[in-house]
Amino acid sequence: ITSIVAGKNPHIQDIIAEWKKYKENMSQSANTIFTQTTLLQSFASRYKITKLNQITETHISQYINEPGDIKAGARVQRLSAIKSLFQYCVANCYTLRDPSKLVAIDLSKLPHKAKERKKRVPITNFEYNHIIRNSDYFFKEATALAWWTGMRLSDIARLEWDSIDFESKTLIVHTKKTDARICLPLMDPLLGKGQLLKILTKLEVTDGKYCFPEQRKLDLDPSRRST
């Protein structure tokens, strides 16, 4: 009935390719798109799905509630990817129903370990000193910047020279993940009282716009970045 009314029943791989372009046009995170695409491909392959109307709530429930030590967060990622695909399909009249709305993650079947959220320490003093002593140029400088600013590696890789104001001694960054504007006073005691300024002053200039042009290119490619 869905196929007759909607008039379409495209191949699942074609839909995933369309959905991916839609996410890119919506300026979604390249890393999120890469992760969700991988999950959708895995889901389709596991249940031998070739057409959209083959997908049922049973398939989705089995996928997100698969037995094993899969963390609750990973199960949420699986369901989010499928929900996003069906949201796109309904909007384009590829289907009239969304089976992903009829399923939920069964947390009662997960062991306590899979439901616990660990408090993570981003980096220890030992790790910091080890990286500074043994790493190449980029990771040495990136680690020092991350230590004093709390910036993500992707934000450091995309750092622009225009973000650094040596006259007013400030660092202004628009973060990649949330596009939030952050202004950091380089002489603040919490930022090393000048340590951050020293790090930025000695950065090598190899590009007119970006502080780390090669790492920026790498960060723009999710598959290379994850490797």
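Two strands pair if DSSP finds at least two bridges between them; strands (E, at least two residues) and helices (H or I, at least four) are DSSP runs numbered from the N terminus. The model is predicted, so to speak of local features pLDDT must be at least 70, and side-chain atom pairs count only at pLDDT 80 or more, while totals for chains, interfaces and linings use all residues. Residues are numbered from 1 along each chain as its sequence is written, and side-chain values use heavy atoms, without hydrogens and water.

Select strand 2 (residues 170-174) and strand 3 (residues 181-185): five bridges join them, and they run antiparallel. His 174 has Arg 181 of strand 3 as its bridge partner. Six residues lie between these strands in the hairpin, where Asp 179 takes a positive phi near 55°.

Asp 165 is opposite Thr 170.

Next, select helix 4 (residues 57-64) and helix 5 (residues 72-91). They pack at about 150°, with axes 9 Å apart; axes are lines fitted to C-alpha atoms over the stretch in contact, and angles run from 0 to 180 degrees between N-to-C directions. Helix 4 is therefore roughly antiparallel to helix 5 (over 145 degrees). On helix 4, show Ile 60, Tyr 63 and Ile 64, which make the contact (heavy atoms within 4.5 Å) with residues of helix 5 including Arg 75 and Phe 86.

Finally, select Phe 43. Leaving aside neighbours within four places in sequence, Phe 43 is in contact with Ile 49, Ile 55, His 59, Ile 60, Tyr 63 and Ile 82.

Key. Angles under 35 degrees count as roughly parallel, over 145 as roughly antiparallel, 65 to 115 as roughly perpendicular and the rest as oblique.
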